[in-house]
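Thank you for coming, everyone.

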Amino acid sequence: MTTPASTLLRQLFPSWEFFDVARLPPTLQLRRLSLQGGPGYWLGAVHPSPRRWWHLLYNPAGTQSLAAQTLVERWYTELVELEALAPACRESLALVTALAESALSESVVTKVDAAEGDDWQFRLVIIDDDEGTTEVVYESDRIPRVSAPTAR
């Protein structure tokens with residue numbers, strides 16, 4: 001049985017098993033669901049920033065994308081190891097949903113052609129480029145889009 005304390009300890013200390021099985025990283029994707037037309041294309045929600053030499057000292061965008069990917073990987077681990085209804089998994093789902101919603105609001109596609117009232121959806125996938133397969137681990141239901149407040 002996993003407790004919150006053991007979950008915290010597992011995250012604080014690395015695995016000392018040298019020959020762990022390597023897994024493909026999970027990818028968070030999102031898409032717009034138009035009320036008039038069909039669904040849009042799946043787009044990646046977390047994008048790594050380009051690296052420059054000065055990023056050794058100061059890299060807030062890189063830190064943000066690393067934190068976002070770490071959150072996605074933590075949620076994936078909880079989905080695989082725990083039940084989807086476990087409290088830790090539900091908390092991570094809420095955080096990943098907020099991450100996907102913020103990525104949706106920053107998306108260029110959304111700003112250009114999104115109509116008022118369009119819904120959206122996100123999913124967690126494992127993409128194996130070598131075999132050309134995409135495994136869908138989780139796919140959300142249709143989520144209504146909340147309009148951002150306008151600046152005055």
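Predicted model: local features only at pLDDT ≥ 70, side-chain atom pairs only at ≥ 80, totals over all residues.

Let me begin with Leu 30, whose bridge partner in strand 3 is Phe 122. Residues are numbered from 1 along each chain as its sequence is written, and side-chain values use heavy atoms, with hydrogens and water left out.

When I say strand or helix, I mean a DSSP run, numbered from the N terminus, of at least two residues (E) for a strand and at least four (H or I) for a helix. Two strands pair if DSSP finds at least two bridges between them. Strand 1 is mostly covered, since 7 of its 8 residues are buried; buried means under 20% relative accessible area, exposed means over 50%, and partly exposed lies in between, using a 1.4 Å probe and protein chains only.

Now please look at helix 3, residues 87-106, where 20 residues reach 29 Å from the first C-alpha to the last, close to the 28 Å expected at 1.5 Å a residue; that expected span is 1.5 Å times one less than the number of residues. Which residues of helix 3 are buried? They are Cys 89, Ser 92, Val 96, Leu 99, Ala 100, Ala 103 and Leu 104. Seen down the axis of helix 3, these buried residues fall within an arc of 140 degrees, so they line one face of the helix; the arc is taken from the directions from the helix axis to the C-beta atoms. The face turned away from that buried side carries the exposed residues Pro 87 and Glu 91.

Leu 99 brings us to the largest nonpolar core, which has 23 residues, and in which Leu 28, Leu 30, Trp 75, Leu 99 and Phe 122 touch the most other members. The elements giving two or more residues to this core are strand 1, helix 2, helix 3 and strand 3. A nonpolar core here is a set of buried Ala, Val, Leu, Ile, Met, Phe, Trp, Tyr and Cys residues joined through side-chain atoms within 4.5 Å. Leaving aside neighbours within four places in sequence, Leu 99 is in contact with Leu 28, Val 46, Ala 68, Leu 71 and Val 72, where contact means heavy atoms within 4.5 Å.

Finally, let us turn to charge. Side chains of opposite charge can pair when their charged atoms come close. A salt bridge is a side-chain nitrogen of Lys or Arg within 4 Å of a carboxyl oxygen of Asp or Glu, and by this rule the count comes to 2. In one of them, Glu 78 meets Arg 74, with the closest N and O atoms 3.1 Å apart. Glu 78 and Arg 74 are 4 residues apart in helix 2, residues 60-81, and so they are separated by about one helical turn. Glu 78 is buried at 3% relative accessibility, whereas Arg 74 is partly exposed at 34%.

Asp 119 and Arg 142 also meet in a salt bridge, at 2.7 Å from N to O. This pair links distant parts of the chain, 23 residues apart, with Asp 119 in strand 3 and Arg 142 in the loop between strand 4 (133-139) and strand 5 (143-144). Asp 119 is buried, with a relative accessible area of 12%, and Arg 142 is partly exposed, at 45%.
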